[in-house]
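Please keep the sequence and the model in view while reading.

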Amino acid sequence: MAVRKKKKPHYDVFLEGELVDLVLPNERAIDVDGWYAWFNDQLLTRNMEQGMIPNSRERQRRFLEDLRASTTRFALMLKPKGEDRVVGIASLSKISHVSRQADFAMVVAARSAGLKGAFLGMEAKCLMTEHAFDTMGLERINSYQSTTLKDWQRWQILFGYRMEGVQRKAFRKGHRTTDVMLSGCLLEDYAALKMKRGGKLWPGSRKIMDLIRVLPKQSLEEKLTRALAKLGDEHYRTIRQA
């Protein structure tokens, strides 16, 4: 009886999760899973710098080569469990081992169905955050998001990221401008949260769902934006400028 050879995986797993594995980017992601085409999607890129000029396979291959050679950027792709495709990418950029910090960014271009699909990005962010602190030895991770992403503003605290400020009209796409929320996760915040969860930042999809249900309906960003606008107007009216 012939022994059936085990099929070689198309992606190499670097960080393994419950719902998603983070895998090394490769050419298959470009040619088969359409990585390059994600950045031609006008809806997906509405809050991103990408999407202003067409992206191509060739441009994405050059980006992949630069990524492989970089010492200040590290990226992994999101591969849902049980699926042979990648649906997004998460990265740490501007990595500094002097200041021990980096900037986090993520794009989720396609989702799986049901509960699993809703949490791919959340678990990916937890996996990257754990790796940044526990393995890379960083002490701070910065995150920047358009204030139009209301749900993510509410969920940030579940991963240890706290709001630190708002940049007014810091993002522009065409004639549309939006504010950008700055948030950060410090090593001590991460360690405290991890201890509460028995040594894991990602407590499981069921537990995360329970935690989301009891979050305040209004994000801290929404509360502070209104309060700052009111206090700012009151304060600046008292200042003589001419």
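**A guided reading of the model**

At 15% relative accessibility, Trp152 counts as buried, where buried means under 20% relative accessible area, exposed over 50% and partly exposed in between, with a 1.4 Å probe and protein chains only. The model is predicted, so that local features need pLDDT of at least 70 and side-chain atom pairs count only at pLDDT 80 or more, whereas totals for chains, interfaces and linings use all residues. Residues are numbered from 1 along each chain as its sequence is written, and side-chain values use heavy atoms, with hydrogens and water left out.

Trp155 is likewise buried, with a relative accessibility of 17%. Trp152 and Trp155 both belong to helix α6 (residues 150-155), where they are three residues apart, about one turn of the helix. Helices (H or I, at least four residues) and strands (E, at least two) are DSSP runs, numbered from the N terminus. An α-helix has 3.6 residues a turn, so residues three or four places apart point the same way.

The structure contains seven aromatic pairs. The ring centres of Trp152 and Trp155 are 5.7 Å apart and the planes meet at 65°, so this pair is edge-to-face. Rings of Phe, Tyr and Trp (its six-membered ring) pair if their centres lie within 6.5 Å; planes under 30 degrees apart count as stacked, over 60 as edge-to-face and the rest as tilted. Together with Phe159, Trp152 and Trp155 form one aromatic cluster.

Asp31 lies in helix α1 (residues 27-31) and, at 35% relative accessibility, counts as partly exposed. Residues up to four places away in sequence aside, Asp31 touches Arg57 and Arg61, contact meaning heavy atoms within 4.5 Å. The side chains of Asp31 and Arg61 are joined by a polar contact of 2.6 Å. A polar contact is a pair of N or O atoms within 3.5 Å; within protein, one must be able to donate a hydrogen and the other to accept it, and residues adjacent in sequence count only if both atoms are side-chain atoms.

Which strand is largely enclosed by the rest of the structure? It is strand β3 (residues 74-80), because seven of its seven residues are buried. Strand β2 (residues 20-23) runs antiparallel to β3 and is joined to it by four bridges; two strands pair if DSSP finds at least two bridges between them. Val23 stands opposite Met77 in β3. β3 also pairs with strand β4 (residues 88-96), in the antiparallel sense and over five bridges, and Leu78 stands opposite Gly88 in β4.

Strand β4 also holds Ser91, which counts as buried at 9% relative accessibility. Beyond its neighbours within four places in sequence, Ser91 is in contact with several residues, among them Phe74, Phe104 and Met128.

After α7 comes Gly198, whose phi is positive, near 70°.
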